[in-house]
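Dear colleague,

I am handing over the structure below, and my notes on what was found in it follow directly after. Please read them with the coordinates open beside you.

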Amino acid sequence: MPIIEARRLTKTYRVAQKREGLRGALRGLWRREYREVHAVEEVSFTIEPGEMVAFLGPNGAGKTTTLKMLSGLIHPTSGDASVLGYRPWLREDGFRRRISLVMGQKNQLWWDLPAADSFALHREIYGIPHNQYRRTLGELVELLGVGGLTRQAVRELSLGERMKMELIAALLHQPDVLLLDEPTIGLDVVAQVAIQQCLRDYHARRKVTVLLTSHYMRDVEALCRRVLVINHGRIVADDPLERIVARFDNEKTVRLRFAETAPPRDHLERHGDVLKREGPEVELKVERDRVAATLADLLDRYVVLDVGVTDPPLEAIIARMFRESRPRTHADDTTNAVQSPPSSGARDHAAVQLA
Ligand SMILES: Nc1ncnc2c1ncn2[C@@H]1O[C@H](COP(=O)(O)OP(=O)(O)OP(=O)(O)O)[C@@H](O)[C@H]1O
């Protein structure tokens, strides 16, 4: 049975429009104008217990809004959701004890106090038994390697150290569902890897269910097998990561080192884009289906000392997927035939599909 279920979850924000200039401001005092922002539109998905799912989308796609609804911070405009069998926005005690939301952009710890004091407050609020608290805290402090830092004021910690403390605070009550909104934002690679490792180990030990948003594809590669993609407020893909890569990765980078000077540029261009041609070194972007023919041709004509074929980075693949996901009209829903061009307004009522 799913542990998280979103059913046509929709959130429309109503935003007051400010007029320009003093006259506009005065007019706005008695007659306000509003604009509707369709942040999330009819989002449906299910997540099974113990899954770690990446929730990806470009800026403003609706990720945070969805996580806020699933954690009960905001009410949906329409639609429904069930998390751990609860309707999140009712904020029942049993629900709050079993869920955690970590927002990389927001501090939940007391800024002027050591993290240890915030942890103790957490213990009180959640009524965590002393033994369990000590055990879990010890385990997390060890996983994240922050032993000496919990007695230092949070404001004196580095961004990475602070994030580790935030994660400890979020996991102290041993939630069954963990919603992570960009937990590694702004962190250097070392801190990112530490957070990833902690999440992986913690998941292996406790089988927590995780829904994670991140703009760092390293997080996704390290943690998630399944990827949900949202664009313009609508789910546009829900697939294993490998399937997304296979669908959007149709080019490879071919690197060659020739025994002598590289072949002429026009010859190389017959096989693909020339990314680099310096002395004996060449780098080509080649369509996946043409890699074998390219290598056969070049190896046949020239003496090649070294060859390498690599996939583009996941960032490039995901960026391509975002670009190619675009609105579709209601006519598409019924005929599934004619595809409409992208709409200029990101948040109109059209549905979205992948090319
Ligand atoms: N409180 C709010 N009031 C009005 N509009 C909002 C509010 N919060 C978000 N929005 C709008 O809703 C849309 C979705 O925002 P959301 O923060 O959910 O996107 P996101 O996918 O998390 O983006 P990012 O990756 O940039 O964090 C955006 O157009 C945003 O401007």
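In this predicted model, β2, β1 and β4 form, in that order, an open sheet of three strands with antiparallel pairing, where two strands pair if DSSP finds at least two bridges between them, and where strands (E, at least two residues) and helices (H or I, at least four residues) are DSSP runs numbered from the N terminus. The edge strands, each of which pairs on one side only, are β2 and β4 (78–83), and from one strand to the next the twist averages 30°; axes are lines fitted to C-alpha atoms, for helices over the stretch in contact, and angles run from 0 to 180 degrees between N-to-C directions. Between β1 and β2 the antiparallel pairing extends over 11 bridges, and within it L9 stands opposite V43 in β2. The helix α2 packs on this sheet and touches β1, β2 and β4, its direction making about 115° with that of β1; contact here requires C-beta atoms, placed from the backbone, to lie within 7 Å.

As regards numbering and confidence, residues are counted from 1 along each chain as its sequence is written. Because the model is predicted, local features need pLDDT of at least 70 and side-chain atom pairs count only at pLDDT 80 or more, whereas totals for chains, interfaces and linings use all residues.

Which residues surround the ligand? The shell consists of Y13, V15, V37, A39, G57, N59, G60, A61, G62, K63, T64 and T65, a residue being near the ligand if its C-beta atom, placed from the backbone, lies within 6 Å of it. At least two shell residues come from each of β1 (4–17), β2 (33–47) and α2 (63–71), and α2 gives the most, with three. By class, the shell holds five nonpolar residues, six polar and one charged, with Ala, Val, Leu, Ile, Met, Phe, Trp, Tyr, Cys and Pro counted as nonpolar, Asp, Glu, Lys and Arg as charged, and the others, Gly among them, as polar.

The domain assignment, whose bounds come from an automatic or database source, gives domain 1 (4–245) and domain 2 (249–313), and their centres, taken over C-alpha atoms, are separated by 43 Å.

Strand β11 (residues 273–278) lies largely in the open, because zero of its six residues are buried, that is, have 20 or more other C-beta atoms within 10 Å of their own, with C-beta atoms placed from the backbone. β11 pairs with β12 (residues 281–287) in the antiparallel sense over five bridges, and V274 has L284 as its bridge partner in β12. In their hairpin, with two residues between the strands, G279 takes a positive phi near 55°.

With best regards

Note on methods
Two residues are in contact if their C-beta atoms, placed from the backbone, lie within 7 Å. A residue is buried if 20 or more other C-beta atoms lie within 10 Å of its own, exposed if 12 or fewer, and partly exposed in between; C-beta atoms are placed from the backbone.
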